[in-house]
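User: I would like to go through the labels used for this model and ask what stands behind each one.

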Amino acid sequence: MSPAAPTIEDARRALDARLADEEAWLVGGAVRDELLGRPTTDLDVVVSGDPRRGARDLGATLGVPVFPLSERFGTWRVVGEGWQIDVSAAQGDGTLAGDLARRDLTINAIARPIGGGAIVDPHDGAGDLAARRLRMVTAAAFDEDPERMLRVARVAGQLGF
């Protein structure tokens, strides 16, 4: 009999166990959804170090596939049945603050340290969640990636904002 496939809960435990000693943060929609009490199976992780190593560690621990997702952003994907984790290097100036400043919406520019700790919310995304408001981090985000405008409509519809 083969072992059961790892669940998203297994993946979260593995994240905490494998990356807790590194500078690594759960970011974006996963933190937003946690704050809203919504389940999520799509986790985004930002690391200050090598995302390839972190992703491969997670994949080996969980026994699931890992592959490069984006050369441009240095993102690696770890895939299980019904869930995924994207591990990326911090964008911008290579810091968490720089990464969050490059995100599209304030509600997606929130981070929580892997392994626990206080959220990092430099753009008051939690306040915008409470107000049920979508606000850009910066107008440049849409200049860099115009497809983000479509994402705003999707997020507004999903969250009822």
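User: Where does A90 lie, and why is A90 called buried?

Analyst: The model is a predicted one. In it, A90 sits in the loop between β5 and α4 (96-101). Its relative accessibility is 12%, and buried means under 20%, so A90 counts as buried.

User: What does A90 touch, leaving aside its neighbours within four places in sequence?

Analyst: A90 is in contact with V46, V47, T95, L96 and D99. Contact here means heavy atoms within 4.5 Å.

User: Which residues touch the most other members of the largest nonpolar core?

Analyst: That core has 28 residues, and L15, V45, L58, W83 and I85 touch the most other members. At least two residues each come from α1 (8-19), β1 (24-27), α2, β2, α3 (51-62), β4, β5 and α7. The most, five residues, come from α1. Another core, of nine residues, lies apart from the largest one; A90, L96, L100 and A109 are among its members.

User: What is I85 in contact with, beyond four places in sequence?

Analyst: The contacts of I85 are A11, L15, L43, V45, L58, W76, R77 and V78.

User: R77 is on that list. Why is R77 called buried?

Analyst: R77 has a relative accessible area of 18%. The cut-off for buried is under 20%, so R77 is buried. The residue lies in strand β4 (residues 75-80). Not counting residues up to four places away in sequence, R77 touches P65, V66, F67, L69, Q84, I85 and D86.

User: What makes the pair R77 and Q84 a polar contact?

Analyst: The side chains of R77 and Q84 are joined at 3.5 Å, and the limit for the N or O atoms of such a pair is within 3.5 Å. The pair therefore counts as a polar contact.

User: What does the side chain of D104 make a polar contact with?

Analyst: The partner is the side chain of R151, at 2.5 Å; the limit is within 3.5 Å. Beyond four places in sequence, D104 touches R135, M136, V137, A141, R148 and R151.

User: Which residues lie nearest the centre of the largest pocket?

Analyst: D44, D86, R103, R148 and R151 do, out of 32 lining residues. The volume of this pocket is about 1,000 Å³. By class, its lining has 16 charged, nine polar and seven nonpolar residues.

User: Which element gives the most to the lining of the largest pocket?

Analyst: α7 does, with five residues. At least two residues each come from α2 (29-36), β2 (42-47), β3 (66-70), β5 (83-89) and α7 (148-159).

User: Which residues of α2 are buried, and what covers them?

Analyst: G29, A30, V31, R32 and D33 are buried in α2. The cover over the buried residues of α2 includes β1, β2, β6 (111-113), α5 (125-131) and α7. After α2 comes G37, with a positive phi near 75 degrees.

Terms used:
Residues are numbered from 1 along each chain as its sequence is written. This is a predicted model: local features need pLDDT of at least 70, side-chain atom pairs count only at pLDDT 80 or more; totals for chains, interfaces and linings use all residues. Side-chain values use heavy atoms; hydrogens and water are left out. Helices (H or I, at least four residues) and strands (E, at least two) are DSSP runs, numbered from the N terminus. Buried means under 20% relative accessible area, exposed over 50%, partly exposed in between (1.4 Å probe, protein chains only). A polar contact is a pair of N or O atoms within 3.5 Å; within protein, one must be able to donate a hydrogen and the other to accept it, and residues adjacent in sequence count only if both atoms are side-chain atoms. On a 1 Å grid over the protein atoms alone, a cavity is a set of points where a 1.4 Å probe fits but cannot get out, and a pocket is an open set with protein on both sides within 12 Å along at least five of seven lines; lining residues have an atom within 4 Å of a point. Grid points are joined across faces, edges and corners, and a volume is the space filled by probe spheres set on the points. Ala, Val, Leu, Ile, Met, Phe, Trp, Tyr, Cys and Pro count as nonpolar, Asp, Glu, Lys and Arg as charged, and the others, Gly among them, as polar. A nonpolar core is a set of buried Ala, Val, Leu, Ile, Met, Phe, Trp, Tyr and Cys residues joined through side-chain atoms within 4.5 Å.
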